[in-house]
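Colleague: I would like to learn how to read a protein model. Could we go through a few features together?
Modeller: Gladly, let us take them one at a time.

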Amino acid sequence: AERFLEAYYLRDMATRFSLTFYDARQQWEDQTIAYQGSAEAFFAEAQKQANDRGIDATVDSFDSYFAAFHRFSLEDCKRQYGEYTVTTEAIASAKLEGAALDSYRQQQLGAIDAKYIDADAFNAVTEAYQVTVHIRIDGEKKDYDETYLVNVVLHDSTWLVVSHSI
């Protein structure tokens with residue numbers, strides 16, 4: 001939950017997507033392609049934006065876009081905050097079990113398109129928590145301080161995010 005929130009704020013999409021239970025990356029790519037008309041059209045637009053902003057990047061795949069966007073975001077954070085540090089800390093957690101877990105499962109299965117989530121695997125989850133995560137960005141110019149909820153499940157010995165309040 002802590003790593004996910006840091007990746008979210010630093011726009012590290014590759015890490016963020018790798019920490020989700022469902023295929024958030026494919027969902028994002030499909031939505032982007034639907035909006036732009038094709039992956040190639042998206043890459044061309046992202047490349048144009050990078051060129052217009054003087055960003056040294058080659059955007060010819062989603063992976064190259066994620067890497068360039070993350071580098072740009074880190075530079076943008078430095079412009080906003082000056083030298084900074086990011087700290088995330090889980091400050092509370094509540095186990096979801098029984099009827100609360102069943103209700104959460106049904107809610108998420110209704111919210112996430114079935115082609116992006118393995119419903120059988122999700123229904124087999126027995127460990128789930130709602131984690132309260134505090135993020136703090138301490139910067140030379142300004143600070144940021146906020147708390148969010150991140151819902152995680154244990155799947156194949158790995159904690160993965162299913163939803164969040166961001």
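Colleague: Where is the place of S163?
Modeller: Keep in mind that this is a predicted model. S163 belongs to strand 4, which runs over residues 158–164.

Colleague: Is S163 buried or exposed?
Modeller: Buried means under 20% relative accessible area. S163 has 14% relative accessibility, so S163 counts as buried.

Colleague: Which residues is S163 in contact with, leaving aside its neighbours within four places in sequence?
Modeller: With those neighbours set aside, S163 is in contact with Y104, Q108, V150 and N151. Look at Y104 in particular: its side chain and that of S163 are joined by a polar contact of 2.6 Å.

Colleague: And L149, where does L149 lie?
Modeller: L149 is part of strand 3, residues 143–155. In sequence, L149 and S163 are 14 residues apart, while their C-alpha atoms are 8.5 Å apart in space.

Colleague: How does L149 count, at 32% relative accessibility?
Modeller: The range for partly exposed lies between buried, under 20%, and exposed, over 50%. With its 32%, L149 therefore counts as partly exposed. Apart from neighbours within four places in sequence, L149 has contacts with Q130, V131, T132, H164 and S165.

Colleague: Now a helix, please. What should the 13 residues of helix 3 span?
Modeller: The expected span of a helix is 1.5 Å times one less than its number of residues. For helix 3, residues 24–36, that gives 18 Å, and the end C-alpha atoms are 18 Å apart, so the two values agree. Just after helix 3 comes G37, with a positive phi of about 100°.

Colleague: Which residues are buried in helix 3?
Modeller: They are A24, Q27, W28, E29 and T32. What covers them includes helix 2 (13–18), helix 4 (39–52) and helix 5 (62–81).

Colleague: How do helix 3 and helix 5 pack?
Modeller: Two packed helices are described by the angle between their axes and the distance between those axes. Here helix 3 and helix 5 meet at an angle of about 100°, and their axes are 12 Å apart. Angles of 65 to 115 degrees count as roughly perpendicular, so helix 3 is roughly perpendicular to helix 5.

Colleague: Which residues make the contact?
Modeller: Helix 3 brings R25, W28, E29, T32 and I33, and helix 5 brings F62, D63, Y65 and F66. The residues of this contact between helix 3 and helix 5 divide into five nonpolar, one polar and three charged.

Definitions and conventions: Residues are numbered from 1 along each chain as its sequence is written. This is a predicted model: local features need pLDDT of at least 70, side-chain atom pairs count only at pLDDT 80 or more; totals for chains, interfaces and linings use all residues. Side-chain values use heavy atoms; hydrogens and water are left out. Helices (H or I, at least four residues) and strands (E, at least two) are DSSP runs, numbered from the N terminus. Buried means under 20% relative accessible area, exposed over 50%, partly exposed in between (1.4 Å probe, protein chains only). Contact means heavy atoms within 4.5 Å. A polar contact is a pair of N or O atoms within 3.5 Å; within protein, one must be able to donate a hydrogen and the other to accept it, and residues adjacent in sequence count only if both atoms are side-chain atoms. Axes are lines fitted to C-alpha atoms, for helices over the stretch in contact, and angles run from 0 to 180 degrees between N-to-C directions. Angles under 35 degrees count as roughly parallel, over 145 as roughly antiparallel, 65 to 115 as roughly perpendicular and the rest as oblique. Ala, Val, Leu, Ile, Met, Phe, Trp, Tyr, Cys and Pro count as nonpolar, Asp, Glu, Lys and Arg as charged, and the others, Gly among them, as polar.
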